[in-house]
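Student: I am new to this structure and would like to learn how to read it. Could we take one feature at a time?

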Amino acid sequence: MNYQELKEKEYEKCVGLLADLIDLDADTRQKIHKYIHGMGINNFFLQIESMDLSQETSEKLKSIKAIIELSDIKRGRA
Amino acid sequence: MNKDIHHIENFLKGLTSLTGLPSRKVRQYLKINNPFNILEHPHILEPNEKQLEKIGLLNEFISSYNILKIYESNDKIVLNSSTISGQYFSALLGGMKDKERFMVAFLDSGNNIIETKTMSEGSIGQTAVYPREILKYALACDCKSMILAHNHPGRSLSFSTEDKLLTQRIVDIFHPLEIKILDHIIVGGNAYSSMAEKGELPDMRSGAANYKAVVLSAASAKEKKNGYHDMQLR
């Protein structure tokens, strides 16, 4: 498997985990996959407010953002 | 220190809302312990099966997020053609059906994105764009060029008079600073159009820089004539 295929596989896995974690429906899952694939995982979390997602989904994503932000700080990557 | 407290407070809220762990219990634990102990050793808070499953998913997600960040650190987003820019802004603006948003991608000398910002957001029919706000961000990130984009909730892909006026005004402001405006993308639904591709992008300074806000209208002249814009508002 080449680099690009590995990355694509990781996108699938990441969105799948997100869907299970915050109980996404199929349409929202597909939409988020498109967003993350198009702009990258980091930009995705920076642009939550800009996306056409329900209030409930946005709030859940902000909760995840709060956790990964602290995780980034602890790892010295913020 | 205050920033740390703020991050930990947000972490606490995020963790409890995602996993269902009791807030009081988590808060008590965090008073004297590292927040990540909860993720690494979830049994310390005696979670039920459902909570444990969510913590497991959260851990897996963080791992996947970190892997993707490594993958992506090798991939800069380069907006070096109207096609790539159109696709990029379609991903950001294509889903906006109920309001108009104006965004700017600030680029370095290799056309890599330094930052993409939402500069204004309005109702379904219009949004006001303040060039001085764009100037503030452009100078702060030391960009060499910019790409403008906004969506038309009515799905029109035509550039309105206001769109052209705004583009001209921004070119006039940034030309003396040697910051190029490479394109202005309009997104309507899942489609887009590029001002550069259509040869309508102003490339010369037409007069003194004007910093006044420009109100963009989402409807093209044809739509206005046909009353399509009014129909959208009903």
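**Reading the model**

Student: Is Cys143(B) buried or exposed?

Tutor: Buried means under 20% relative accessible area, exposed means over 50%, and partly exposed lies in between (1.4 Å probe, protein chains only). Cys143(B) has 4% relative accessibility, so it counts as buried. Cys14(A) is also buried, at 0%.

Student: What should I know about the model before going on?

Tutor: Residues are numbered from 1 along each chain as its sequence is written, while chains are lettered from A and ligands numbered from 1 in the order in which they are written. The model is predicted, so local features need pLDDT of at least 70 and side-chain atom pairs count only at pLDDT 80 or more, whereas totals for chains, interfaces and linings use all residues; side-chain values use heavy atoms, with hydrogens and water left out.

Student: How many disulfides does the structure hold?

Tutor: A disulfide is a pair of cysteine sulfur atoms within 2.5 Å. The structure holds zero of them over all chains.

Student: How do I compare the two chains?

Tutor: Start with secondary structure: helices (H or I, at least four residues) and strands (E, at least two) are DSSP runs, numbered from the N terminus. Chain A has four helices and zero strands, and along the sequence its pattern is α-α-α-α. Chain B comes to nine helices and seven strands. Then look at burial: buried residues make up 47% of the 78 residues in chain A and 50% of the 234 residues in chain B.

Student: Which figure tells me how far apart in sequence the contacting residues are?

Tutor: Contact means heavy atoms within 4.5 Å. Among contacts between residues at least 6 apart in sequence, 33% in chain A join residues at least 24 apart. The corresponding share in chain B is 68%.

Student: Which residues of chain A does His7(B) contact?

Tutor: His7(B) is found in helix 1 of chain B and is buried, with a relative accessible area of 11%. Beyond its neighbours within four places in sequence, it is in contact with Glu69(A), Leu70(A) and Ile73(A).

Student: What does a positive phi look like here?

Tutor: Most residues other than glycine have a negative phi. Arg155(B) has a positive phi of about 75°; it lies in the loop between strand 4 and helix 7 (161–174) of chain B and is partly exposed at 49%. Glu178(B) has a phi near 60°; it lies in the loop between helix 7 and strand 5 of chain B and is exposed at 68%.

Student: Which elements line the second largest pocket?

Tutor: On a 1 Å grid over the protein atoms alone, a pocket is an open set of points where a 1.4 Å probe fits, with protein on both sides within 12 Å along at least five of seven lines; lining residues have an atom within 4 Å of a point. Helix 3 (41–46) and helix 4 (55–74) of chain A and helix 1 (2–19) of chain B each supply at least two lining residues. Helix 4 of chain A gives the most, with six residues. The lining has 14 residues, and those nearest the centre are Glu59(A), Lys62(A), Ser63(A), Lys65(A) and Ala66(A).
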